[in-house]
Amino acid sequence: MSLAQRLREAELDPRLLGMGIALVAIWTVLDATTGGVFLSARNLYNLAVQSSVVGIMATGMVFVIVARHIDLSVGSVLGFTGMAMAVMQTEWLPADAGWNWPVSLAAGIALGTAIGAWQGWWVAYRGVPAFVVTLAGLLMFRGGAYLLTDGRTVAPLHATFQLIGGGLEGSIGTTWSFLLGGLAILATLASRALRRRSRRRHGFAPLPLWAEVGRCAVAVAIIAGFVMVMNAYTRPRSEVGRGVPIPVLILIATALAMTLLSRTTRFGRYVFAMGGNPEAAALSGVDVKRVTVGVFAWMGGLAALAGAVTTARLAAGTNSMGTLAELSTIAAAVIGGTSLAGGVGSVPGAILGAVIMQSLENGMVLLGVSSALRQVLIGAVLIGAVWLDSAMRRRRTST
Amino acid sequence: MTAPLVELRGVEKRFGGVYAVTGVGLALYAGEVVGVLGHNGAGKSTLMKVLSGALPLDAGEIRIDGRPVSIQSPRDARRHGIETLYQTLALAENLGAAANLFLGREIVTRLGTLDDHAMERAALEVIRRLSPHFDDVRTPVQNLSGGQRQMVAIARAIHFDARVLIMDEPTAALGPAESGAVGALIARLKAEGLGIFLVSHDLHDVFEISDRVAVLANGRLVGVRNTSEVTREQVLEMIIGGADSA
Ligand SMILES: Nc1ncnc2c1ncn2[C@@H]1O[C@H](COP(=O)(O)OP(=O)(O)OP(=O)(O)O)[C@@H](O)[C@H]1O
Ligand SMILES: [Mg+2]
């Protein structure tokens, strides 16, 4: 049996597998060249936290790009909503109220969702190309972030709110990490078992046992390894492990939710159908305009969530937050296998893309590469990744 | 006499200044197949798209069971039991056969999530009735052959208990065995009491299957004939000459 056949039988996405291999290769090289610093618990912990903001937004960008659109405004929306949350917390709501931070967080996410829906409305119902609408959004909301406070930095933020940024106290500790990790493993195994049962019930052969066991083993290893590394990084001057950082927990929850949204809901199915053939989707009774608004609304809400994490991490609202984040977000989605032609992409791929980009960035910082050179190299990687992907696709379709 | 299943009256559809269809009146009764013929660009697909809700009409009226109805979208048409096989197939290339077949009408679990296994099983069943060798309802349809894709689109049109079936060139990409299967399928659906519009360039097929033929030329209806009362030569003349010679 050929490798390709085996992959197909195991229902492994060759693209995702390729990216996984690329990530392992990058990590191996960086670890060797940094003398073991790169794969230390401390650095991996930082890498995870650094990946979370772009990762959160990349899960939404997958939907936008799959639907044949683009959102250039996410960095500015991040900045604007982050600033709005900071102002709300410190100046509008009573500073010492316990409900202050949840209310401002919810209001911020609602604001981001509304901004996204508003942009989506222009795209869907007024026929203005998404490129133009969101380019305008990039300008407007960056300006808006400044106007909110005339450029003043806003601090201090609520102590509890700051935890979602993943600072010194912003992780859940070793016990909770073990517990959640264990739960995640159980949930993975249970969902695989349910899937096998469902396939049998509908008269389809379940995955061959070797593939099933392999999949489960890899999933368990990743979850367990992740928890152990996060627990191995200790708090300063102590032996107490930190556990999973809260922003990473938010990223994982977001990725899970968005994966389910894309694979198990009508909305997700319609986004992919629209990306594959908008006319066919409309002829099948899909309300293409409403789905378009929905896609941008999700993206706006996720940009606001990323804004909350950024603001909390800085412990302040500044009007430059999220500058150029739209580029890293789009790059993460594209490196993660999302096709700019629409119709193709996956949430796990986008997360992998975000981690790959952040690994390169982080590794080059460790190696003392200047920020100017880092930009050049990351740009080159973006071209290379997309070229590789399209070259592989050509080969696959021509044979 | 019972009202026709579908009746088009004075239907008109313009694209900019171009009259793609104008002043067309045509009825379809339950249990009958009406062949729709005409030269390339005569307006056959446009007329069918007006009925399927893909194109809103500019003037005229659509009646179902004798009552005027408003068909503004494909969903309206489906609500009235009108199912369509489009000439362009209208498949999302990146989705599998099952996802395409159920697009817009997904089977969901009790939790409201997509029940892909149930859809795959049902899709496999319908498609295999037409094409026994079909085996992969998950692979994106862009990886299927032209004929297989056409089978998927046909399966989608017949799966949902239509009363009115529009088939715009159903056998264009099919091999002889599959064409035969589709012909038999149309005969069976007709016997079940469906009304069927069959658009085709294949006069042989049309004469074999349809009860009446309607000929369009340059967006106008040239004439409607009982298939048993005309010869192929007469129909051909109507198509080419654009005049009611018979
Ligand atoms: N979306 C559109 N925009 C503009 N003009 C159109 C459009 N669709 C069809 N037309 C025009 O309307 C006329 C009728 O086209 P239609 O597709 O109905 O022809 P047809 O009879 O189905 O032809 P064929 O046998 O080639 O399928 C043609 O002149 C065509 O150019
Ligand atoms: Mg046509």
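**Helix packing, a cis proline and a ligand shell**

In chain A, helix α10 (residues 246-264) and helix α13 (residues 288-314) have axes that come within 11 Å and cross at roughly 170°. Helices here are DSSP runs of H or I with at least four residues (strands would be E, at least two), numbered from the N terminus; axes are lines fitted to C-alpha atoms over the stretch in contact, with angles running from 0 to 180 degrees between N-to-C directions. So α10(A) ends up roughly antiparallel to α13(A), the label for angles over 145 degrees. On the α10(A) side, the contact (heavy atoms within 4.5 Å) uses A:P247, A:I250, A:T254, A:M258 and A:L261; α13(A) brings A:W298, A:L302, A:L305 and A:V309. Sorted by class, that makes eight nonpolar residues, one polar and no charged ones. For this sorting, Ala, Val, Leu, Ile, Met, Phe, Trp, Tyr, Cys and Pro are nonpolar, Asp, Glu, Lys and Arg are charged, and the others, Gly among them, are polar.

All of this comes from a predicted model, where local features need pLDDT of at least 70 and side-chain atom pairs count only at pLDDT 80 or more, while totals for chains, interfaces and linings use all residues. Residues are numbered from 1 along each chain as its sequence is written, chains are lettered from A and ligands numbered from 1 in the order in which they are written, and side-chain values use heavy atoms, with hydrogens and water left out.

A cis peptide bond links A:A155 to A:P156, with omega at about -5°. A:D150 sits in the loop between α6 and α7 too, and its phi is near 55°, a positive value in a residue that isn't glycine.

Over in chain B, ligand 1 has a shell of residues with a heavy atom within 4 Å, including B:F15, B:H39, B:K44, B:Q87 and B:H201. Helix α1 (residues 44-52) of chain B gives the most to this shell, with three residues. As for polar contacts (N or O pairs within 3.5 Å), polar side-chain atoms of B:S45 and B:N40 lie 2.7 Å and 2.8 Å from an oxygen atom of ligand 1, respectively. B:A42 uses a backbone N or O atom, 3.2 Å from a ligand 1 oxygen. The protein covers 60% of the 640 Å² of accessible area (Shrake-Rupley, 1.4 Å probe) that ligand 1 has on its own.

Notes
Polar contact = N/O pair within 3.5 Å; in protein donor to acceptor, adjacent residues only side chain to side chain. Parallel < 35°, antiparallel > 145°, perpendicular 65-115°, else oblique.
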